[in-house]
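This report covers selected side-chain contacts and disulfides. The sequence and structure are shown first.

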Amino acid sequence: KQASKQASKQASKQASNTKMMKDSSPDVETSAEPEQPSTTPSSTGNNKKKWMWVGLAAFAVIAAASITTGVVVSNNNNNKDNNEDESSSDVNGSRGTVPQFAKSKAAIDLLCGEGSTKAECEAECANVPDCCSIGDTSCLVSELEGCVRYAKCQVLAELEEAAPDNLADLCSNADDMTECAAACSAVSCCYSDTEECDSALYFLTCLDYAPCQNLRTAGDGVVVVPTAPPGLDEDCSLDDSGDRDACQATCETASCCWSMDGDAEEPNCLQDNWITCLTYASCGSLVIPEANGVVPVAPEDLYNTTCNLDGIWGADGDRTACEDVCELASCCTADTEEGNCFLEDPIGCLEYVPCVLLPLTGGNIPRAPEDLSETCAWKTIGNATSEKACIDACEPAKCCTDSEDENCFADGNILTCVEYVPCAILIIVGGDSVQGPPDDLQATCSSSGFAEDPQACKTMCEAGAGCCFDMNFAENCVLGNVDKCAAWTTTGCWRNWK
């Protein structure tokens, strides 16, 4: 079993998949008060239809019978009798004893965080990694709020180290997220738009690293909810230690997580904030339907074989097999309210997260040559022959950066276009609007030559490189000719532009 987990872990890290828990965010320890949802433009764009799978975890927390009006502050697990025997409880079939989830998030973070002993963590977290996962041993449906509090128990699965104790602080400074990005780099698949985690293995890990969700950026019309502050589960506790006012004030920050679908004043944002919304689980009773009530159980090899990146994008890949299996869960991403089944079977839909690779691949651009980075390297592109080799190698992917009408990036070419990143050097070189400066330019535009006949220097510079300095953007030729424009300038033309 451990070997299988490690193999899945490697596959998850190598595959440049895209977004299952990227927009997630579990119970996080953010030291700052939660900010209002951001709606800043995204650098990656956001074609909603194309990213439907990305938000697969979307409406899971909001089952039909969830919250009707206002914020229902409840914490069912805090009132559980610690002596109650739940070994016979069964949610998705046979499994071991359901954890008691009796401690607060802060207590679990201490037991399983940095500097703690494995024995202390194991004593409190027995069965939690299996229980709080996506799969047939999961109790996630019935113990959602407890799973969020016990996220740091993920260390027992030995996929990643425990999230740093100060991660919430690092990821709460919106002005400088450098340290946050460094601390989160090991789990970039949890929040990145170009990577994907194995949902069954990494769900609890992404919850532990919830503050990393603050690294996400919003797209047009997409709301990004900040992760919940630390101690929300204690503020929302129903016993005397709770602080109802603080609880309600914090929960209002994430009210879009449970707003009714179709609400014009506050559209539901759960689709784009799955993990983040989970960090606010203490705010109310988040009900999730039983798994596979609509969608059949996904094949065991879906992630590692059938819809593996190499399997559908490699030279010998077979997209047909992946497409056939993903058709079984096509209702999960249907773009009509009547045809979409996600609310009815969110956990079942999550089992098909690898299907996200299909719209990112399958386009008409060929894979980039293996030696593209060398062909287009700065050190090898200094002459006309090597420059032409780079231009020719990049020609098939020219549409990746074309104008909006001609752009092919979203037409099944996203991952392929990314392979052509070395072609970006052609923004500096590769243009043919300007030739290199003539040999006599230096003498004509030298200090003595310019003093003797400034018009001769100006005429030569305007004739050979005038477009480099044209203030009309449509006529300016710097892009693609940066190197040549620079050569004209430094050889003496700069005297004309003083």
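The backbone oxygen of Ala334 lies 2.7 Å from a polar atom of the Asn340 side chain. In this predicted model, local features need pLDDT of at least 70 and side-chain atom pairs count only at pLDDT 80 or more, while totals for chains, interfaces and linings use all residues. Residues are numbered from 1 along each chain as its sequence is written, and side-chain values use heavy atoms, with hydrogens and water left out.

The side chain of Asn340 also reaches the backbone nitrogen of Phe342, at 2.8 Å. Asn340 sits in the loop between α14 (319-326) and α15 (346-350); helices (H or I, at least four residues) are DSSP runs, numbered from the N terminus. Asn340 is buried because its relative accessible area is 19%, where buried means under 20%, exposed over 50%, and partly exposed in between (1.4 Å probe, protein chains only).

The loop between α14 and α15 also holds Cys331 and Cys341, 10 residues apart. These two cysteines form a disulfide, that is, a pair of cysteine sulfur atoms within 2.5 Å. Cys331 counts as buried at 18% relative accessibility, and Cys341 counts as buried at 3%.

A search of the whole structure finds 23 disulfides. Three of them, including the one just described, are listed here.

| Disulfide | S-S distance | S-S torsion |
|---|---|---|
| Cys171 and Cys180 | 2.0 Å | about 90° |
| Cys331 and Cys341 | 1.9 Å | about 65° |
| Cys399 and Cys408 | 1.9 Å | 70° |

The torsion makes the Cys171 and Cys180 disulfide right-handed; the Cys331 and Cys341 disulfide is right-handed, and so is the link of Cys399 and Cys408. Cys171 and Cys180 are both buried. Cys399 is buried with a relative accessible area of 17%, and Cys408 is buried at 7%.

Two further polar side chains lie elsewhere in the chain. Asp109 belongs to helix α2 (residues 105-112) and counts as buried at 9% relative accessibility. Its side chain is joined to that of Lys105 by a polar contact of 2.8 Å. A polar contact is a pair of N or O atoms within 3.5 Å; within protein, one must be able to donate a hydrogen and the other to accept it, and residues adjacent in sequence count only if both atoms are side-chain atoms.

Asn472 lies in the loop between α21 (454-465) and α22 (482-491). At 41% relative accessibility, Asn472 counts as partly exposed. A polar atom of the Asn472 side chain is 3.0 Å from the backbone nitrogen of Ala474.

Conventions
Helices (H or I, at least four residues) and strands (E, at least two) are DSSP runs, numbered from the N terminus.
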